[in-house]
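Biologist: I am new to this one. Could you show me the structure and take my questions on how its features get their labels?

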Amino acid sequence: MNILLTGATGYIGRRLLPVLLEQGHSVYCITRDKSRLNSDIYNSTRLYAIEADLLQPIPPHLVPVNIDAAYYLVHSMSTQGNFSEEEKRSATHFTEALQSTAVQQIIYLGGIANAAQLSKHLQSRKQVETILQNGRAPVTVLRAGIVVGSGSASFEIIRDLAEKLPVMIAPRWLNTHTQPIAIRNVVEFLTGVLLKEATFGNTYDLYGPDRLTYKDLLEIYAEERGLKRYIFTVPVLTPRLSSYWLYFVTSTSYLLARNLVDSMKVETLARPNNLAEQLHIRPIDYRNAIRMAFDKIEQNMVLSTWKDALVSTPRFHYHAYPMQAPAYGCFKDRREMQATNTDNALNKIFAIGGTSGWYYADWLWEFRGFLDKVFGGVGLKRGRKNSTQLYIGDSLDFWRVLYASRAEKRLLLYAEMRLPGEAWLEFSISDTGMVLQEATFRPVGLLGRLYWLMMLPFHFFIFRGMLKKIATADTDTMQAS
C-alpha cells in the first residue's frame with residue numbers, strides 16, 4: 001500500500017514509520033525539513049520525503065494521487081503561537097492536499113475527550129477531528145490519554161519527578177484519574193486499523209487495563225525503580241504555580257507544562273470498546289510498560305523522544321539555516337588541537353552532553369542551564385536519547401543538532417537557550433587529526449554584544465578545557481564516560 005504519513009519526525013511518527021516499512025508499505029512522509037527525517041537510518045527504498053509545511057497550503061503535485069491511506073499525527077501544543085488556530089490550519093491544508101488523491105482512509109490520533117469540561121488542548125484535538133471528518137475520505141479516530149514508553153512526554157515527566165524529588169508537595173490534580181497505554185499498544189492500534197473497513201468513520205478510545213491517578217503513576221514508578229517517595233497534595237497551587245513546578249523540576253518547556261497542567265485537570269477516562277479484541281491486541285499494564293521502557297533505555301535503543309519534536313526558539317526553522325554557521329556579523333571562539341587518537345576524539349564529540357556532561361566545568365554548564373530556566377528557556381535537563389549516536393534534529397541539553405556525520409567527522413549544534421542573539425557550536429576533525437572547535441555568536445543589538453564580552457572569561461576556560469578533554473581522549477577516559 002501507499003501510505004501518507006504526517007508527524008514522521010515526532011514521537012509517535014518515529015515509532016510508527018519503521019513498522020509500516022517492515023510491513024511492506026511505501027511511505028510518503030510530509031515533513032518541513034527532509035534532513036530531519038534521517039532517511040538513511042531506515043535503509044529502505046520505499047521511503048519518500050515530501051518537504052512541505054502544513055501551516056501553508058500544499059501544492060497538489062507534491063502528494064501522489066495513488067495514496068491508499070493517510071495518517072494525521074500532527075499537534076502544536078508546545079508552540080509559541082495560538083496552537084488551536086495552528087492545528088486548525090494544519091488539518092485544513094492536510095484535507096485539501098488529499099482532495100485529488102485516491103485515499104480510502106484517514107487515521108487520526110487525538111486525545112481522550114469524554115469529560116464535560118475539556119482543556120483547550122483537548123478542545124483543539126476535537127476540532128481537528130471535525131475538520132478531517134469533513135474531508136473526502138472516511139476517518140478512523142483513535143484517542144489516547146497518557147502514553148507510556150521510553151522518550152514519551154508523560155513517561156519522562158513522571159521519571160523526572162519521581163527520581164529527583166524524595167518528597168513532593170504537589171497540586172491536587174495529581175488525584176485526577178487516567179488510563180495509561182503503552183506506546184507499543186498505540187503503534188499496534190495505528191497499524192491494526194489500517195484499511196480495516198469496519199473501523200471507517202468510527203471513533204475509539206485507546207486505553208490500558210489500569211485506571212490510576214497521576215499520584216498512582218508516580219508511586220508505582222518509584223516502586224518499580226526501588227525508590228521511596230512521599231507525595232502530599234495541597235489545594236493551594238494555582239495552575240500557574242503548578243506549571244512552574246513542572247517546568248523547573250522536569251525537562252519540559254513552560255508552554256508545554258502550562259498546557260499539560262490544563263489537560264491534567266481533566267479526567268481522561270476511556271469509553272469501553274472491543275477494538276483490542278477485534279485486532280487481537282493484548283493491552284499492556286502500567287508496570288510492564290515501565291519495565292519495557294527501561295529495557296529500551298538500558299539497551300540504548302530509544303527510537304524517539306518528545307523533546308526531538310520540540311523547538312523552543314520561536315525564530316528557529318530548520319529549513320531556514322544552511323548546515324554551516326554564519327561567517328559574517330558574528331563573534332567567534334575558534335580553537336584547534338591535535339588529537340592523540342582520532343577515533344577516541346570522534347567518539348568523545350558524539351557522546352557530548354547528557355549524562356556524559358560537557359567535559360569541563362560541568363557546574364558552570366549546569367548553572368547556565370539553571371539561569372536559562374529562570375528566564376523561560378529549556379535549561380540543561382533535556383539530555384539526549386542515545387548515549388553514542390546523534391542525528392539531525394535531536395535535542396541535546398539546550399542545543400539542537402543541525403548536522404551530524406561521523407563519516408565527515410563533524411557535528412554542528414544550534415543553541416535553544418535564551419540569548420540576546422543566536423549561537424552555534426561546531427566540532428570537526430581534519431584528515432590530519434586536528435580537532436576544530438568553533439563557537440559562533442550572532443548578537444542582536446547592544447545587549448548581544450555586551451553579553452559576548454561578559455562571557456569571554458568563562459569561554460576562555462570552558463572552551464579550552466572542553467577541547468583538551470576531547471583531543472586527548474584515550475581508551476580509559478572513553479570507558480569512564
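Modeller: What follows is a set of questions and answers on those labels. Keep in mind that this is a predicted model.

Biologist: How many helices and strands does the chain have?

Modeller: The chain has 15 helices and 19 strands. Of its 481 residues, 57% are buried. Among contacts with a separation of 6 or more, 74% join residues 24 or more positions apart.

Biologist: Where is Phe463 found, and what is in contact with it?

Modeller: Phe463 is in helix α14. Beyond its neighbours within four places in sequence, Phe463 contacts Asp333, Arg335, Leu425, Gln437 and Ala439. The C-alpha atoms of Phe463 and Tyr360 are separated by 8.1 Å, and these residues are 103 residues apart along the chain.

Biologist: What makes a group of residues a nonpolar core?

Modeller: Its members are buried residues of nonpolar kinds, joined through side-chain atoms within 4.5 Å. The largest such core here has 41 residues. Trp358, Trp399, Leu411, Leu425 and Met466 touch the most other members. Several elements each supply at least two residues, including α12 (342-350), α13 (362-374) and β18 (421-429). The largest share, 9 residues, comes from α14.

Biologist: Which residues does Leu425 touch?

Modeller: Not counting residues up to four places away in sequence, Leu425 touches Trp358, Trp399, Leu411, Leu412, Leu413, Glu438, Ala439, Phe463 and Met466. Apart from this core lies another, of 36 residues, with Leu5, Ala144, Ile183 and Leu275 among them.

Biologist: At what angle do α1 and α6 pack, and what is that arrangement called?

Modeller: Helix α1 (residues 11-22) and helix α6 (residues 183-192) pack at about 55 degrees, with axes 10 Å apart. The crossing of α1 past α6 is right-handed.

Biologist: Which residues meet there?

Modeller: From α1 come Tyr11, Ile12, Arg15, Leu16, Val19 and Leu20. From α6 come Ile183, Val186, Val187, Leu190 and Thr191. By class, this contact of α1 with α6 has 9 nonpolar, 1 polar and 1 charged residues.

Biologist: What about α13 and α14: how do they cross?

Modeller: Their axes come within 10 Å and cross at roughly 140 degrees. Leu364, Trp365 and Arg368 in α13 meet Tyr451, Phe458, Ile462 and Met466 in α14. This contact of α13 with α14 has 6 nonpolar, no polar and 1 charged residues.

Biologist: How do you know whether His280 is buried or exposed?

Modeller: His280 has 74% relative accessibility. Exposed means over 50%, so His280 is exposed. His280 lies in the loop between α10 (275-278) and α11 (286-298). Its phi is positive, near 60 degrees, and His280 is not a glycine.

Biologist: And Ala361, buried or exposed?

Modeller: Ala361 has a relative accessible area of 19%. That is under 20%, so Ala361 counts as buried. Ala361 sits in the loop between α12 and α13. Although not a glycine, Ala361 has a positive phi of about 50 degrees.

Technical notes: Residues numbered from 1 in each chain as written. Predicted model: local features only at pLDDT ≥ 70, side-chain atom pairs only at ≥ 80, totals over all residues. Heavy atoms only, no water. Buried < 20%, exposed > 50% of the residue type's maximum accessible area, 1.4 Å probe, protein only. Helix = DSSP H or I, 4+ residues; strand = E, 2+ residues; numbered from the N terminus. Contact = heavy atoms within 4.5 Å. Axes fitted to C-alpha atoms, helices over the stretch in contact; angles between N-to-C directions. Left-handed = near helix turned anticlockwise from the far one by under 90°. Nonpolar A, V, L, I, M, F, W, Y, C, P; charged D, E, K, R; others polar.
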